[in-house]
Amino acid sequence: MITRTLSLLFALGSPLFAENWPQWRGPRLDGTSQDVGFPVSAEGNVTWKAELPGSGHASPIVWQDRIFTVACVAETEERVLICLDRGSGKLLWQSKVLKAPIESIHRLNSQASSTPATDGERIFTAFLDNSETEATRKANEGRVIPKGEVPKGTVVISAHDFSGKPLWQVRPGLFSSKHGFCSSPIVFEDRVIVNCDHDGDGYIVALSKTDGKELWRIDRPNHTRSYCVPLIRDIGGRTQMVLSGTMCVTSYDPRTGKLLWIIDGPTEQFVASLVYSDQTGLLYMTGGFPEHHLLAIKPDGSGNVTDTHIAWRTNKGVAYVPSPIVEGGHLLIVSDSGIGHCFDAKTGDILWEERLREHHASLASAEGHVYFINDNGTMRTVKPGKAYEALAESELGEKIFASPALSEGQIFIRGDKSLICLGKRSAKTAGR
């Protein structure tokens, strides 16, 4: 019972204990860590570097002494779940999740881009299987597939235990996008939630953690590809699951799937997740394609709030792929082309902008510092303020597209060839 209680506190990010990083963008789904002791530079702080099998852009996740991520091994057509020892980077095990033909992707995507999630007992993964089945054959036959588009495949959600043993696998529906698949599962209470917006009948599903049974399903509007991982937060007097995608911004009750509010548009496709500021009480959305918008949204509405709940908006400093971060009274964003901006989160005023080169990894923060890692592997540690202030700039030596994981004073960064651990584990928690 004591062990389970401690594990729960870790999952919830209690300030009394150091934090795990159990899913995409960490315990709060927003890229922030409440731990201390993180290095500001990679120089002199590489604890270990472990070569990974296969390829992928999925972020690592952290649970106590173990690191998990996923990869695609093209030679065998296998999608695998990988477990590493936190202390040394040693590969503890590698478990096959799926064997399927290699699907077509955008040149900046991978066949293993969905970050896994864990509840401390199970690891949940999401992949696309483009093997022909009766369901995909029926969906594809008689359909004229436009140039550049792809036939429908099948979403595969799986659960493994901490020894790599498969527990369950389900296929909640079809999926089609010429850019490939990258929908990361997230854990909320007793369920695993996966957003499957795509070029077809998009949906979001909640599955039971224990057996994969479907608990609820949301039919998404507009049938347009997007790749946002939802943000779940207690805001506006209720628990909300908020995401942009398929030509709208929506909030749902994550326990039932009920729609709470919706904003039309402001554009067609989205990738970056939303973030929330306790200080301003506002949500922030950045995206997308073909138009670029940044919205600050009041989260207390009901129904269609397009005309009533946008606190401020701008078309400057917008990111499409990298998710932003809130640090204190500042909203920080970096565009895919590599222009970083710092906004006053309350007013939307731009405080500074800086050229940082191409970025696709999302931002992370700890101890009042924000980490920017560009595609070429340059890590910049920035102190938010009225002017750009870089505390350090260092090279990781690899291409980086995955977002970092932060836990107990260590930063885990997935490169195109290896997993890099920066920093020493905090002394007060290392022996726990």
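Five strands form an open sheet of mixed pairing, in the order β15-β16-β17-β18-β22, where strands are DSSP runs (E, at least two residues) numbered from the N terminus and two strands pair if DSSP finds at least two bridges between them. The edges of this sheet are β15 (231–235) and β22 (303–304), each of which pairs on one side only. Strand β15 runs antiparallel to strand β16 (residues 238–245), and five bridges join the two; Arg 233 has Gln 240 as its bridge partner in β16.

The model is predicted, so that local features need pLDDT of at least 70 and side-chain atom pairs count only at pLDDT 80 or more, whereas totals for chains, interfaces and linings use all residues. Residues are numbered from 1 along each chain as its sequence is written, and side-chain values use heavy atoms, with hydrogens and water left out.

Nine aromatic pairs are found in the structure, a pair being two rings of Phe, Tyr or Trp (its six-membered ring) with centres within 6.5 Å, and planes under 30 degrees apart counting as stacked, over 60 as edge-to-face and the rest as tilted. One of them is the tilted pair of Phe 124 and Trp 168, with 6.0 Å from centre to centre and 40 degrees between the planes. Because Phe 124 belongs to strand β8 (residues 122–129) and Trp 168 to strand β10 (residues 166–175), this pair ties together parts that are 44 residues apart in sequence. Phe 124 is buried, its relative accessible area being 0%, and Trp 168 is likewise buried, at 9%; buried here means under 20% relative accessible area, exposed over 50%, and partly exposed in between (1.4 Å probe, protein chains only). Phe 175 and Phe 181 form an edge-to-face pair, with centres 4.9 Å apart and 85 degrees between the planes. Phe 175 counts as buried at 1% relative accessibility, and Phe 181 counts as buried at 3%. Ring pairs also link Phe 68, Trp 93 and Phe 162 into a cluster.

The whole structure holds three cavities of 30 Å³ or more, and the largest cavity contains about 50 Å³ of space. Its lining includes Trp 21, Trp 24, Arg 25, Ser 362 and Pro 404, and comprises five nonpolar, four polar and one charged residues. The second largest pocket has a volume of about 640 Å³; of its 31 lining residues, Leu 108, Asn 109, Cys 182, Val 271 and Val 321 are the closest to its centre.

Terms used
1 Å grid on protein atoms, 1.4 Å probe; cavity = no way out; pocket = protein on both sides within 12 Å on 5 of 7 lines; lining within 4 Å. Points joined across faces, edges and corners; volume = space filled by probe spheres on them. Nonpolar A, V, L, I, M, F, W, Y, C, P; charged D, E, K, R; others polar. Helix = DSSP H or I, 4+ residues; strand = E, 2+ residues; numbered from the N terminus.
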